[in-house]
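Trainee: I want to check the labels on this model one by one. Can we set each value against its cut-off?

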Amino acid sequence: MRHTHAFSSPVKLCANVASLFTHRNMSMVTVAHPAVNVSAMSLVRRGIAVALLLAAGSVASGCSGDDAWLSARLADGRLVLTIGGQCSPDSYLGRVQITGPGRQPLWEIADDAPERSTPTVTVGDVPAGFAEQVPLRELTWPVGVDVWTNFRYTVDIPLDSLAGGATVELSPQPVMNELSPVRPETC
């Protein structure tokens with residue numbers, strides 16, 4: 001069976017992939033032991049189906065369109081972070097850490113039980129509800145920014161990217177933790 005048409009959605013893709021792997025399309029062969037019937041083609045097809053379903057699922061879940069949820073700019077010589085994706089208590093900002101070269105901490109704030117979103121943080125100003133963990137030291141560029149919302153994210157910001165007061169959309173990377181969802185919520 002050959003499918004040449006484009007799939008308009010991951011659901012249609014999954015349905016068409018599943019139809020390729022029905023029982024009527026699988027031939028049985030005897031493998032390893034005469035009492036055990038295992039279909040070699042069945043195993044290959046199932047492996048391909050699982051891989052395609054996982055790929056379609058990650059496409060469907062990863063297409064939120066909200067990749068630019070963290071931005072930075074300089075205002076009066078101070079670094080200002082805008083942090084989106086804080087839709088519920090599970091995703092409220094809980095910690096920000098600014099580091100210099102060699103990941104040396106330059107400033108850190110934390111709120112162990114955030115009760116509201118904190119959409120803007122000016123480095124050096126402690127937002128309501130937060131406690132300063134590391135007092136502000138002089139920023140040495142490039143700075144690293146670690147943000148904890150529903151997950152921990154990290155990104156480096158070179159000073160030249162903020163030249164002329166430009167707002168820079170950042171693409172922070174998750175710091176792996178298998179117990180947390182990887183993407184921030186889309187509001």
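Trainee: Why is Asp76 called exposed?

Mentor: This is a predicted model, so the label rests on computed coordinates. Asp76 has 84% relative accessibility. Exposed means over 50%. So Asp76 counts as exposed.

Trainee: Where is Asp76 found?

Mentor: In the loop between S3 and S4. That hairpin has two residues between the strands.

Trainee: What makes the backbone of Asp76 worth a look?

Mentor: Its phi is positive, about 55°, although Asp76 is not a glycine. Most residues other than glycine have a negative phi.

Trainee: How do you know that S3 and S4 pair?

Mentor: Pairing takes at least two bridges. Six bridges join S3 (residues 70-75) to S4 (residues 78-83). The two strands run antiparallel. Ala75, for one, stands opposite Arg78 in S4.

Trainee: What other strand pairs with S3?

Mentor: Strand S11, residues 168-170. Three bridges join S3 and S11, again in the antiparallel sense. Ser71 has Glu169 as its bridge partner in S11.

Trainee: Which strands form the open sheet, and in what order?

Mentor: Six strands, in the order S8-S6-S5-S9-S10-S12, with antiparallel pairing.

Trainee: Why are S8 and S12 said to stand at the edges?

Mentor: S8 (131-134) and S12 (173-174) each have a single partner strand, so one side of each is left without a neighbour in the sheet.

Trainee: How many bridges join S5 and S9?

Mentor: Five, between S5 (residues 95-99) and S9 (residues 143-148), in the antiparallel sense. One of the bridge partners in S9 is Gly144, which faces Thr99.

Trainee: Why is Val143 called buried?

Mentor: Val143 has a relative accessible area of 0%. The cut-off for buried is under 20%. So Val143 is buried.

Trainee: What is Val143 in contact with?

Mentor: Val143 sits in strand S9. Beyond its neighbours within four places in sequence, its contacts are Leu79, Ile98, Thr99, Leu106, Val155, Asp156 and Ile157. Take Ile98: it is 45 residues from Val143 in sequence, but their C-alpha atoms are 6.5 Å apart.

Trainee: What makes the peptide bond from Trp141 to Pro142 cis?

Mentor: Omega is near -5°. Pro142 lies in the loop between S8 and S9. Most peptide bonds are trans.

Trainee: How do you know that Arg78 and Asp125 form a salt bridge?

Mentor: The cut-off is 4 Å between nitrogen and carboxyl oxygen. Here the closest N and O atoms are 2.6 Å apart. The pair passes.

Trainee: What does that pair tie together?

Mentor: Arg78 is in strand S4, and Asp125 is in the loop between S7 (120-122) and S8, so parts 47 residues apart in sequence are tied together.

Trainee: What is the closest N and O distance between Glu108 and Arg95?

Mentor: It is 2.2 Å, and the two form a salt bridge. Glu108 is in strand S6 and Arg95 in strand S5, 13 residues apart. Glu108 is buried at 10%, whereas Arg95 is partly exposed at 23%.

Trainee: What makes Asp146 and Arg103 a salt bridge?

Mentor: The closest N and O atoms are 2.7 Å apart, and the cut-off is 4 Å. Asp146 lies in S9 and Arg103 in the loop between S5 and S6, so the pair ties together parts 43 residues apart in sequence. Asp146 is buried, with a relative accessible area of 1%. Arg103 is partly exposed at 37%.

Trainee: Which residues make up the salt-bridge network?

Mentor: Arg103, Asp146, Arg152 and Asp156, joined by salt bridges that share partners. Arg103 also has a positive phi, about 60°, although it is not a glycine.

Trainee: What is the average pLDDT of the protein chain?

Mentor: It is 74, and 58% of the residues score at least 70. Residues 1-33 stay under 50. Residues 52-66 are also below 50.

Terms used
Residues are numbered from 1 along each chain as its sequence is written. This is a predicted model: local features need pLDDT of at least 70, side-chain atom pairs count only at pLDDT 80 or more; totals for chains, interfaces and linings use all residues. Side-chain values use heavy atoms; hydrogens and water are left out. Helices (H or I, at least four residues) and strands (E, at least two) are DSSP runs, numbered from the N terminus. Buried means under 20% relative accessible area, exposed over 50%, partly exposed in between (1.4 Å probe, protein chains only). Contact means heavy atoms within 4.5 Å. pLDDT is the predictor's confidence in each residue, from 0 to 100. A salt bridge is a side-chain nitrogen of Lys or Arg within 4 Å of a carboxyl oxygen of Asp or Glu.
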